[in-house]
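Hi everyone, thanks for coming. Let me put the structure up, and then we can walk through it together.

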Amino acid sequence: MELRLLATDAERNTYRAGMMEARASKGGKFRETERSRVSEIQLTFARLYGVFDEGNPNRLLGGFSIHCLNEFSQSFPIPNLNHLPPSGVYEAGQLWALSHEAALALRKGSMILLGLLQAQALLIYPLIIPRDISQFYKVFKRVGPPFELPFAETVTGDKVYMQAMLLEGDELRRQVELASRDGFETRRSHTLVRFLAPAIGGSGMIDRSKRPSLIMEQELMRTGTDN
């Protein structure tokens, strides 16, 4: 498998199209408000990484956005991360995948990448209401209470809530070691990472979810991470 930085306008447009395809395949239960620009900020200014199968290197199978907090700030003021240097904290978001296999590869590739970047913490914002996605991130710790998302609503106009979660310290190092134990290859200042595809059902990484539908639920929103 390959994890690639999508740097050109054409590549970023392909990313957006793939994300829309993934969302359309499941249908949406919530949406960003008309005036929200949170997703657009991430899709425009964050680094976008896509996962590809080397057997079909032009087919984008999924991706995520990632940015360091010394590049631009976290999406929401919760949590307070003043105990960590901004240069060591990364926020991931805009996760989508066309298949369960692609989702597993994204998890493995993202952990390898965080190790290469010498990250000290990974911040995510999974949805908690109307559907609790946070329960699938068992190795992350919850930071603070759930909070209302002012930039989104359900299709019926109800409120949407998210939960800030953090992976840091020994647990982050363990996840990086798990992802890296089969070996990997990196090129061009980590803009390309090659690694073996994870075995289905054999990964102990991140949320340990085995249901493709649950993974696809996380793609619908695009604000923060795995929404």
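Predicted model: local features only at pLDDT ≥ 70, side-chain atom pairs only at ≥ 80, totals over all residues.

Residues are numbered from 1 along each chain as its sequence is written, and side-chain values use heavy atoms, with hydrogens and water left out.

Back to our strands, which are DSSP runs of E with at least two residues, numbered from the N terminus, as helices are runs of H or I with at least four. β9 and β11 pair in the antiparallel sense over two bridges; strands pair if DSSP finds at least two bridges between them. Together with β7 they form an open antiparallel sheet, ordered β7-β11-β9. β7 (127-129) and β9 (147-148) are at the edges with a single partner strand each, so one side of each has no neighbour in the sheet.

Now to Gln-163, in the loop between β11 (161-162) and β12 (165-168). Is Gln-163 buried or exposed? Buried, at a relative accessible area of 2%, where buried means under 20% and exposed over 50%, with partly exposed in between, using a 1.4 Å probe and protein chains only. Leaving out residues up to four places away in sequence, Gln-163 touches, among others, Ile-124, Tyr-125, Ile-128 and Gly-144, a contact being heavy atoms within 4.5 Å.

Zooming out, the protein chain has five helices and 14 strands, and buried residues make up 52% of its 227 residues.
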